[in-house]
Amino acid sequence: MNPIPWWGYALGSALFAGLTALFGKLGLAAVNSNFATLLRVLVIALFTACVVSVRREWVPVAGIGMRSLWFLVLSGLATGISWLCYYRALQLAPASRVAPLDKLSVVIAVLLGVLILGEPMNAKLALGVALIVIGSLLVAAS
């Protein structure tokens with residue numbers, strides 16, 4: 001059993017995403033946003049390869065089903081486009097305005113989960129999504 005619950009990883013993700021905005025903004029001072037994204041991707045690839053190696057989790061790509069492989073490729077492309085947009089936005093605006101709008105991805109993920117994956121929507125979830133939208137717009141516009 002995993003000693004860290006799912007929400008622990010989710011909060012870790014939020015913490016490191018917040019640090020991403022800070023470190024990215026500082027790192028973009030004298031670097032083109034696209035090249036900065038390339039450097040970021042290389043660091044992530046090397047770091048993740050180390051984690052997979054230490055945990056002995058390498059799997060032959062041929063062993064992954066074609067459907068899963070295609071969706072992972074699409075996810076990678078979406079991530080790359082997202083990062084290119086994010087770093088360009090950080091280069092053009094303060095991190096305190098960019099990050100809240102970037103977090104509208106939560107709203108998009110919830111809506112896509114409901115519409116495409118058939119995940120349940122209830123009043124509390126709808127209220128939470130609405131508050132995220134309102135909060136993101138308020139913080140970004142301040």
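**Reasoning about a predicted helical chain**

Mentor: In this predicted model, residues 24 or more positions apart account for 72% of the contacts in the protein chain with a separation of 6 or more.

Trainee: How do you know what secondary structure the protein chain has?

Mentor: The count comes to 6 helices and 0 strands. Read from the N terminus, the elements run α-α-α-α-α-α.

Trainee: Why is Leu111 called partly exposed?

Mentor: Buried means under 20% relative accessible area and exposed means over 50%, with partly exposed in between. Leu111 has 38% relative accessibility, and therefore counts as partly exposed. Its place is in helix α5, residues 105–115.

Trainee: What makes Leu111 part of a nonpolar patch on the surface?

Mentor: A patch takes residues with over 30% relative accessible area, and nonpolar side chains are joined within 5 Å. The 38% of Leu111 passes the 30% cut-off. Leu111 forms the patch with Ile108, Leu112, Leu115, Ile116, Leu117 and Met121, and together they have about 740 Å² of accessible area.

Trainee: How do you know that the span of helix α3 is close to the expected one?

Mentor: The expected span is 1.5 Å times one less than the number of residues. Helix α3 (residues 66–92) has 27 residues, for which 39 Å is expected, and it reaches 39 Å from its first C-alpha to its last.

Trainee: Which residues of α3 are called buried, and what do they pack against?

Mentor: Tyr86, Tyr87 and Leu90 are the buried residues of α3. They pack against α1 (6–27), α2 (33–54) and α4 (95–102). In the protein chain, buried residues make up 15% of the 142 residues.

Technical notes:
Residues numbered from 1 in each chain as written. Predicted model: local features only at pLDDT ≥ 70, side-chain atom pairs only at ≥ 80, totals over all residues. Heavy atoms only, no water. Patch = residues over 30% accessible without salt bridge, like charges linked within 9 Å, V, L, I, M, F, W, Y side chains within 5 Å. Areas by Shrake-Rupley, 256 points an atom, 1.4 Å probe, with all protein chains shown as cover. Salt bridge = Lys/Arg side-chain N within 4 Å of Asp/Glu carboxyl O. Helix = DSSP H or I, 4+ residues; strand = E, 2+ residues; numbered from the N terminus. Buried < 20%, exposed > 50% of the residue type's maximum accessible area, 1.4 Å probe, protein only. Contact = heavy atoms within 4.5 Å.
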